[in-house]
Structures are given as structure tokens and as C-alpha cells.
Amino acid sequence: MEYITLLKSDPKIKTYLSGVFSDTKVALPVPPLSGRVPEGTTFKILESKNIDKPNFIIIISKIIRIELLGLTMFPFIVSMLYFSAMGHAAPKFELFVSLCSMFFLHASVFMLNDYFDHTRGGDRISSTSGSQVIQLGWIPAYKVLRGVYLSSLMALFFALPLLKSHFFQLWPLALFVFVAIVGFSFFGKGFKNKGLGEFFVFMCLGPLVFFGTSTLFSVSMDFNSIYLSITFGWASVFYQQLKNFSNIYSDTQLSVGTLVSRWGFDASKKLLYVQFFLVLFLIFGGSFLTMPLFFAAPWILFLSTYGFKIYKCLRCVGSPLSSQMVRLPKLGLKLHSLMSYGLIAYLLIFIFLGRQ
Amino acid sequence: MNISVYDKRDFPPYLPKLNALYGDLFSGGKGFRSKLIERVSGHLKIDKKQIHLMAQTIEFIHNASLLHDDLIDRSHLRRSKPAAWLKYTPEYAVLAGDYLLARVMVNLSRHGNLELLQYTSEMISDLLEGEWIQDSLIKDWGVNQTQLDQVHKLKTASLFKWCIRSPFICKGGYSKQVHDELEELGCLLGLLFQRSDDLLDYGIRNYENKAVLGDLKSGYVNSFGCFLIKTMTPSQVTQFKKIIQIEDLHELLGKEVFDKKVAEFDESNKQYIELYKHHLQILLNVLPEHEKSLILDLEKLSDVLYWRKA
């Protein structure tokens, strides 16, 4: 096995980190065991042909964090179906380009996150951060950066018609999202470190999505749509806090000042219990607001059964390194997805029956 | 030099049972850590008084952690003798451990090397943190290797890091790169030692015929246990939790499968031995010429600690 250690001051280090140092070899950074930020970075050098890579589609799915696509897309899909169900004319072209723009924006944000994690060394302290495709040697960092540029351009390309037709309504939204992305990605630990992460996640994955969609439909948001937007935003925050809680140990080591890491293990666990009940309350309220009782009741019963799993998992977590920590964010994500599936299914039935 | 770290004249004679307890505690043990200090310090030409201080410091801290560990785990034996908390009282075991740590602080502050004092305090803090987190993982059968390594870095590796780095801190004048390499080397040695110790708990390379399955019986999944559980069926895991003899484990998995697992585990740990040798090479390049002989001594350690070769 070949290893090489390069100091930060060595000009070769950038070529190894970006992956351009060789056409036939891959340099995988070795996480420092000591927990210190060392002067040098150690790389394990492997032949590219010896790396066990899955197929291209799986790699792309992993790097764009397809499992998190629901957080971005479901609020948009539900808002689109809601306004359609309320009898408003659906601007098909604008909805289509919005969907495409959001997809590419989602992809570029997560690829950018992976790229910066790798080049700044964050991935070597926390092995659960990001998609890990660069660390596994599946894609070199320079190709991920190319993916960021391409995705960003595509996102902008698809957003241009929207900005052109609804500039005055949408530019503040676009600016807010831009500030959120820059704040999370570029300024070191950025907003996450200042405890502002939750606010931006709530807004970007909840109210702003619904506001954007209502703008495309040329309607104002009503009480139900505001309620649903808050529910989606809060469910996304709940997922983020579960994720931060599962990383509480490594975040504290890295001095990442999320709300969870600052409150500590015990207080954060209590916060998550409160958040859990609040999210369930919001979901149940949203279900009763939008669905008839015969649909809402069994749906809420089903969600409650699932919600009990989250509660039980949270109760079992007795350590920052507990095995249950890995499960928690997955359960939170699934709750968001289940809530979305229920709303989408109901709204589609409503629209279909309305057309009959 | 034969370092004797315990001298009853260093402790108050009016505290009942204290010196008897320490006499029992320090009469056993191989003193590996103090020997490591001695070997490293010899290459740096550090004077005997400082070597003695460092050796005493590490043995006091290590033995303090053993006193507390045995009480926390309710272990009945330590080095084939009744554990201190059982022979004396739990209260005395706790206080004796605390007293050793206090003594370390007294000795180091009198010595006056602030950097060494700071590094030692951080090490003790890591050790206690590791112990706390390890205790919180009891009966957590789903814990993974990455999570266990975090505990081992705090508990085991911190002591080895200290042994390798403290002589350099004592002497002073070394660059950050030297200290970074020493930290990595210490961590790797600690990890290898812990993995070997975890194998020993399953009777592998148990040349001294120590009691086995102690971790499993107290509900703690060590690194080898975690490795075995990864490929077990849920019913096998249920039976695994109840095992009290090593023969039961061989019967559960099949002796051939068990031996294959040991070989796979050894293979997976070879990467750490290779990484250790890589970092030794880096250290060789940055050490002054007259201290490079240290590398020859350090080179053998990975085999000694992991394969338990003499």
C-alpha cells in the first residue's frame, strides 16, 4: 500500500486533493487519527482500476444526495398540487422550469458541500459528512467541481424565464436563497456556526417554496397554504436537527456551533422531543385542514404509528456515539416523505375527482 | 535503567490502607508505558530525573484509570489478584485513583514545564471522556467500528500518544510537524494495541492465559465483537449476547468461520501497521540526525503491540 504525506505549503497538495495528479491513480485522503489539524495531509495512493466503483447512475445519485431530494422537491410538488386543487390555472411551462431549476440547484448545493468538505478537510474529521464519493475514490474532486459549475448554470438557465416573467416578486426569494447557499458553503462553518442554520432551512424548504409557487400561479397564499408551508419548513428543520444531533460528537470536536452542539446532548434531546411533538401536531393539523375526515383519520393513525418509532429511537439514544444515532435522521427524513406522499396522494385524488 | 515508579515515601503514611492498596497495585503490571518513555527519552538524551517523572506520571495515570475502571465494570480480578475495590472498599478505590491523579498534578507543576502540564491535563480529560462514552455504550449491540474507534482514540490512544510525545515536550524545540507525526504514531499504536486487546478477549494470541470474554459479559461490544456481529443473523446475535464460554462462540459460528473472521480482522488491521510505518518514515525525515536511531526502536512496536511478539 502506498502512502504519501504532503505539507499544506507543498504546491503538489492541491493536485492530490483535486485528483489531477495522475491519470491512472487515485489519492484518497487518510483521516488523521489524532484529532489535531496536522501540517500535512496523508493520502493513500491506489490504482484507479482497483477501486470498486458502482455504476455511473448510482454514483450520480449518491453525489447529488438523491435521498434528500424530497426535502427540496416535495414542498414544491405539494404546493403546485394544492394551488391546482384550489381551481387555479397551472402555468405548465413555468412549473416545469421551476422543477428543473430546483433539481439542479439541489444537486449543485450538495456537490459544492462535498467539494468544500474535501478540500478543507472536514470530511476527514467527520466520516459521516457528505456523500463520501470523493473519499471512496469514485469521482475525483475536480470533476465534482465541474459538476457544480454545470448544475449551477443549468439551475440559472431554467430560472431565467421565471425571473424574466416574475422579476419583482421573485428576486427577493432568489437573493435569499443565494445568501443561504453562500452563507452555508463559503464562509467557513458559516450560518451553521452562528445557529442560523435552522432559520434558513425553515424558510428555504417551506414558506419560500410555497410563496414562489403561488407567484407562478399568480395567486396569494391563503391560510391553508401558509399552514402547509410552515409544516414543511418545520419538518425539514426537525430532520436537520436530528442530523446535527447524530453528529453532535464530531461537530463539537470541530467547534461547529449548531444549536444542538451548543445546547449539548441532554438539552438537545429534550429539544428533539418537543420538536417531534410539534411536527406531528403540525402534520395532523395540516391533514385535517386539507383532507376529509375519512381520509385524514387513517392517515394520521398510520403516521402516529410511524412517529412512535422515532420517539422510541430517541429514547434509546443514551450516548453521542450510540448506534441509534445513525437511524435518527433517516427516520426524520422518512416522516417528511410519508407526510408528503399522503398529501400528494390526496391532492391528486382531489384534482382527478374534480375533473370528473 | 529500571524505573520503579512507586515509592511509599511519596504518600502520606497516616492515610489507612492507602500504601497497602498502592503496594498491591504497583507490584503487578509490565510497566510497558514507562518502558516506552524510557526508550524514547534515551534517544533524546533526557536526564534521569525527567525520565523518572514522566514514567511515574504515565503509570500513575494508567493505574488510576484501572482502579476506576475495575469499579465501573465491577471486575473482580486485576492482574490475577482481587481488584482494589473488592479487597478494600469502592470508596477507597475511587479516592486512591483520584489521589494518584492529584499527585501527578503536584509533581508536574513542581517540575514547571507548563506545556507538559497542559498536555497531561488534556490527556487525562480525554481518558475520562473515553471512559464516560464507553460506559454509555454498554448493551449497545449495534455500535459500529467508527464509533468504537472514537472511544479508543480517547481511552487508549491518548496514553500512547503521551508516551511518545512527552519526552519531546520535555526537551522542547521541535516543530509542529514533528509533534503532528508523534501524535499520529501514538494514535496508531494505541489503536493497534486496543484491537489486539480486543482479540485477546476472544482468546486470540492469549499467551498469558488471561480471563476471556470480559467485555462481552459486561455487555460491551469491543472492536472484534463488532466485526463478528456485522455478518451475524439476528438470531445469532441474540445467542451471542448470552455466551459465557469461548467454546460456545466457536459452536455458534463454527470454528472454521471463527478462524476465518480472525484472519479477516487481522488483514483489515494491517493497513494501520502500514500507515504507522509510513508516519515513521516521515518522522525519520524531520528528526535531527543524532535522534534518528529512535526510529529503529519505534519500528518494532507495531508488531509487539498487535501481534504480541516479544
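**Notebook: chains A and B**

I began with one pair: the side chains of K176(B) and E39(A) meet in a salt bridge, N to O at 3.7 Å. I call a salt bridge a side-chain nitrogen of Lys or Arg within 4 Å of a carboxyl oxygen of Asp or Glu. I noted that side chains of opposite charge can pair when their charged atoms come close.

This is a predicted model, in which local features need pLDDT of at least 70 and side-chain atom pairs count only at pLDDT 80 or more, while totals for chains, interfaces and linings use all residues. Residues are numbered from 1 along each chain as its sequence is written, chains are lettered from A and ligands numbered from 1 in the order in which they are written, and side-chain values use heavy atoms, with hydrogens and water left out.

**The interface**

I looked up how many salt bridges the rule finds across the interface of chain B and chain A; the count is one. I then looked up polar contacts. There are 10 residue pairs in polar contact between chain B and chain A, both residues at pLDDT 80 or more. A polar contact is a pair of N or O atoms within 3.5 Å; within protein, one must be able to donate a hydrogen and the other to accept it, and residues adjacent in sequence count only if both atoms are side-chain atoms.

Which helices of chain B supply at least two residues each to the side that touches chain A? I found α6 (114-136), α7 (145-171), α8 (176-200) and α13 (255-286). Helices (H or I, at least four residues) and strands (E, at least two) are DSSP runs, numbered from the N terminus. α8(B) gives the most, with 10 residues. By class, this side of chain B has 10 nonpolar, 11 polar and 11 charged residues. Here Ala, Val, Leu, Ile, Met, Phe, Trp, Tyr, Cys and Pro count as nonpolar, Asp, Glu, Lys and Arg as charged, and the others, Gly among them, as polar.

I also took the totals. 32 residues of chain B are in contact (heavy atoms within 4.5 Å) with 25 residues of chain A. The two chains bury about 2300 Å² between them, 55% of it on carbon and sulfur atoms. Buried area is the accessible area (1.4 Å probe) that two parts lose on being put together, summed over both.

**Strands of chain A**

Next I turned to strand β3 (residues 40-47) of chain A. Six of its eight residues are buried. Buried means under 20% relative accessible area, exposed over 50%, and partly exposed in between (1.4 Å probe, protein chains only).

Which strands pair with β3(A)? Strand β1 (residues 2-7) of chain A is joined to β3(A) by six bridges and runs antiparallel to it. Strand β2 (residues 25-30) of chain A also pairs with β3(A) in the antiparallel sense, over six bridges. Two strands pair if DSSP finds at least two bridges between them. L7(A) stands opposite G40(A) in β3(A). P29(A) stands opposite F43(A) in β3(A).

I searched the whole structure and got 22 salt bridges over all chains. One of them joins the side chains of E2(A) and K25(A), N to O at 3.8 Å. E2(A) is in strand β1 and K25(A) in strand β2 of chain A, 23 residues apart. E2(A) is partly exposed at 41% relative accessibility, and K25(A) is partly exposed at 28%.

In chain B, R205(B) forms a salt bridge with D266(B), the closest N and O atoms being 2.9 Å apart. The partners are 61 residues apart: R205(B) is in the loop between α8 and α9 (214-217), D266(B) in helix α13. Is this pair buried or exposed? R205(B) counts as buried at 16% relative accessibility, and D266(B) as buried at 8%. Leaving aside neighbours within four places in sequence, D266(B) is in contact with L199(B), R205(B), Y306(B) and W307(B).

K261(B) and E264(B) also meet in a salt bridge, N to O at 3.5 Å. They are separated by about one helical turn because they are three residues apart in helix α13 of chain B. K261(B) is buried at 13%, whereas E264(B) is partly exposed at 32%. Salt bridges that share partners join E39(A), K176(B) and D180(B) into one network.

**A loop residue**

Last, I checked N55(A), in the loop between β3 and α2 (56-63) of chain A. N55(A) is partly exposed at 46%. Its side chain reaches the backbone nitrogen of I57(A) at 3.1 Å.
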